[in-house]
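Hi everyone, thanks for making time.

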Amino acid sequence: MTKPPRKPSKPLLGEADALLRSRPRRRRDPDQPNLPLDPMPARIEPCLALLRVKPPKGDDRVYEIKWDGYRLSVHIEPTGIRILTRGGHDWTHRFPAIEQAAKQLPVATAILDGEAVVLDEKGRSDFGLLQQSLGGRGGRKSSSDAIFMAFDLLYFDGHDLRTSELDMRRHLLEDLVPAREQGDIRLSEEIEADGDQLLASACEHGLEGIIAKRRDAPYRSGRLGDWLKIKCVQSDSFVIVGYERSTVARAGIGRLLLAARKGKKLVYVGGVGTGFNERTAYELREKLDGLITSTPAATVDRKGAIFVKPKIIAEIEYRAWTDDGKLRHASYKGLREVQDNTAVYELE
């Protein structure tokens, strides 16, 4: 039997620049049979997205916007709310608005998977704004600007959902966090579209990229390919191994020197001299000057370079790689927190 044609794809944003909304779904049947209760996990390792250059083909994937923030899990427990980072650190105190919103959700126990973000004036997630709201890397501030974009539901009312298909988990999540809600916990909505056209639309609107997820996949921790990320501009994490002074910039930093991992070694991959303003440059200089060393962590052939211990990880946006293995058109986005458990870029 011939399959019916796909519905025509939709652009990411409508004519009024409003994000497309997920289609409404049936609410759960309140008379569904009671099932045995599952123990609530203390922590779940997140499912991570594999990087791909192009969207996958086929109808077995659904798409979402790729959010640029901190991956978190929100645990709603009988004793209260816990907000955990990707590395398992408790950051509940740093997101009081999200904690309060979680208390208002109509559920006794749940674990929501999602991303804490700060939106710019055009509604796009901005990692730099999120960092500023938290007081920078190593800062101790609480963010009143961050919201939580929920994209998965792992535990619900005493039931572990990780073996359920994504479609089922999303069905329950959309009951719990309805589309079009504008509170401090919001739904990261699915978009039914052709992947190539959606990516083009996302890039046109200045978004970081899109996520493609298998509809029928259970929730599996790790980077196994059930979720794919396709970016408009490349963005990865690199270790700062030194810097070059500037006689023009007031903070005295002209260029950060970056390294990636190759096995157990660090390899120099070039530098970045744009993306930080006067304030962030002063904060960087203060942190780096406390880590100065005479022993470079990577081989860097740059006259006058000041080397630092490889303790700080920076998020860098770039366009491509040069033939000799250096970052091309790199721009600094911010520093990563140790608690975020960010993986440094690995060279093949």
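Quick housekeeping first. This is a predicted model, where local features need pLDDT of at least 70, side-chain atom pairs count only at pLDDT 80 or more, and totals for chains, interfaces and linings use all residues. Residues are numbered from 1 along each chain as its sequence is written, and side-chain values use heavy atoms, with hydrogens and water left out.

When I say helix or strand, I mean DSSP runs numbered from the N terminus: helices are H or I with at least four residues, strands are E with at least two.

Okay, strand S3. How many of the residues of S3 are buried? Eight of its eight residues are. Buried here means under 20% relative accessible area, exposed means over 50%, and partly exposed is in between, using a 1.4 Å probe and protein chains only.

Here's a handy general point: in a regular strand the side chains alternate between the two faces of the sheet. Now look at S3: Tyr-70, Leu-72, Val-74 and Ile-76 point one way, while Arg-71, Ser-73, His-75 and Glu-77 point the other way, and all are buried.

Who does S3 pair with? Two strands pair if DSSP finds at least two bridges between them. S3 and S5 are antiparallel partners over seven bridges, and Ile-76 has Ala-110 in S5 as its bridge partner. S3 also runs antiparallel to S4, with six bridges joining them. There, Leu-72 stands opposite Thr-85, and a hairpin links S3 to S4 through two residues.

Next up, helix H1. Its buried residues are Ala-97, Ile-98, Glu-99, Ala-101 and Ala-102. What covers them? The cover includes S3 (70–77), S4, S5 (110–117), S6 (147–156) and S8 (185–187).

Between S4 (80–85) and H1 (96–103) there's a loop, and that's where you'll find Gly-88. Gly-88 is partly exposed, because its relative accessible area is 29%.

Last stop: Trp-321, in strand S16, residues 320–321. Trp-321 counts as partly exposed because its relative accessible area is 27%. Setting aside residues up to four places away in sequence, Trp-321 touches Phe-238, Val-269, Lys-326, Leu-327, Arg-328, Tyr-345 and Leu-347; contact means heavy atoms within 4.5 Å. Take Val-269: 52 residues separate it from Trp-321 along the chain, and their C-alpha atoms are 9.1 Å apart.
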